[in-house]
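Reader: I am new to this structure and would like to know what the words used for it rest on. Please show it first.

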Amino acid sequence: MRLIKSILSISIGLSLSSTLLAHEEPTLEPSSAKQSLVELFNNYSPCCVRIRCTKEGKPCFLSGFFVSPDGYILTAVTHGSDFYVETALGQITTAQKIGEDEILAICLLKANLSKEQTVPYFSLMQSVPPVAIGESIVSLSCKLGQAVAPQKGYVTDMCDRCLGHEFPITYVRSTLAIESGDSGGAVLNRQGNLCGMLLHAIEGTRETFYVPQWALERIYQNLLIFGHVTHGYAGIHVETCWDKQQNQVCLRIVSIDAGSPGEQYKFKVGDILTHLNGVELYTLEDLKNYLFLADQGVLWFTVIRDNKTLQLPLKMRKNK
C-alpha cells in the first residue's frame, strides 16, 4: 500500500490458576534472516495463547497473542464473556474484556496478572516490511482448541472485498488453513516479524484472510483508549474506472450518502479523486486504508470536476 507504512479446551474439573509465571521477554526485534519453522515456533509460541469464552450461551474456542508485557491480548471474537486464557507453557488465568470492534470482529483482553509479572509478547510498534504476493508466511494458532502449533502458507492477494462483501480495510489473503480455534492466531513472516492476525476463512475455498499488522497497531490503540475502534465515516462511495481524458485509472465517486460529510462538504457524483492531503491516490485500497488511519481532522482532496481541478476539504465523522 502506498499510503500506509508499509481459539483451549478447558475441562470443567480443571483447577484454574489466576496467575501466570513470569518469563523473560524474548527478543522480538526485526530480523533480516529467514528462520526455520522449528525456530519460529520455539522463539514465538510463548507469545501465543489459547482462549475459551462463552458466546451466545455456548463455549467458544480461539487463539490469541500477547501484545504487551503486562498481559494485553488480541483475539478474533465479539460478544464473548467469561474468558479463560492458557499460555504455551500451560499456565491458566482469567481475562477481562477491554474493548471490541464488531466490524472487524477483533477483541482486546487483559489477562489477570499480578503487578510484578510479565509475559513474552509481540510488539505492534515495529516497522514491518509489507508482505508480497507469493511470500512464505507462518501462523501460530490453536487449531480445534488444542495447543499452539505452527502451519505454513503463502500470501495470495490483497483484498478490499470478496463475494459481495466490502471490507473496511485491505485484508491479506493467504493459503493458511483455518478451522475452529485458529481465529485470532498470529501470522509471521519467515524473519519472525508479526505480519497480522488470522481472521476468517473465505467461503468455498481453502484460503483465509488476515488483518495486517499496520491495522492491528491502530486497532489496539483504539480499543485500549476508547474500548472501540473509531472508524472514520465520509459517506462517499468510490469505484475504480478509466479516465479517458487523463488516460489512466482513476477513482470516481458513484454515490454519496444523504446527510453525510461528503454531502455536507459539497462533493458530487462523478467527481474524480486524484490526491488526498497531497498524496496521489492510485487504488481504492489506498483511499480506504488512509481513511481508516485518519484522525478526525480536516482532509483535503484534489478533485477533477468538469475538467477543472478543485481543492475540497472533508471532515469525517466518527463511525456512521
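Author: A nonpolar core is a set of buried Ala, Val, Leu, Ile, Met, Phe, Trp, Tyr and Cys residues joined through side-chain atoms within 4.5 Å. This is a predicted model, in which local features need pLDDT of at least 70, side-chain atom pairs count only at pLDDT 80 or more, and totals for chains, interfaces and linings use all residues. Residues are numbered from 1 along each chain as its sequence is written, and side-chain values use heavy atoms, with hydrogens and water left out.

Reader: Which residues touch the most other members of the largest nonpolar core?

Author: They are F65, L74, I106, F122, V211 and I219, in a core of 39 residues. Helix α2 (residues 213-226; a DSSP run of H or I, at least four residues) gives this core six residues, the most of any contributor. Another core, of 20 residues, lies apart and includes F267, L299, F301 and L312.

Reader: Why is G196 called buried?

Author: Buried means under 20% relative accessible area, exposed over 50%, partly exposed in between (1.4 Å probe, protein chains only). G196 has 0%, so it is buried.

Reader: What is G196 in contact with, leaving aside its neighbours within four places in sequence?

Author: Contact means heavy atoms within 4.5 Å. By that rule G196 is in contact with F65, G185, A186, V187, Y210, V211, P212, Q213 and L216. The C-alpha atoms of G196 and V211 are separated by 5.2 Å, although the two residues are 15 apart along the chain.

Reader: How confident is the predictor in the protein, by average pLDDT?

Author: On the pLDDT scale, from 0 to 100 for each residue, the protein averages 84, and 88% of the residues score at least 70. Over residues 1-27 the pLDDT is below 50.

Notes
Helix = DSSP H or I, 4+ residues; strand = E, 2+ residues; numbered from the N terminus.
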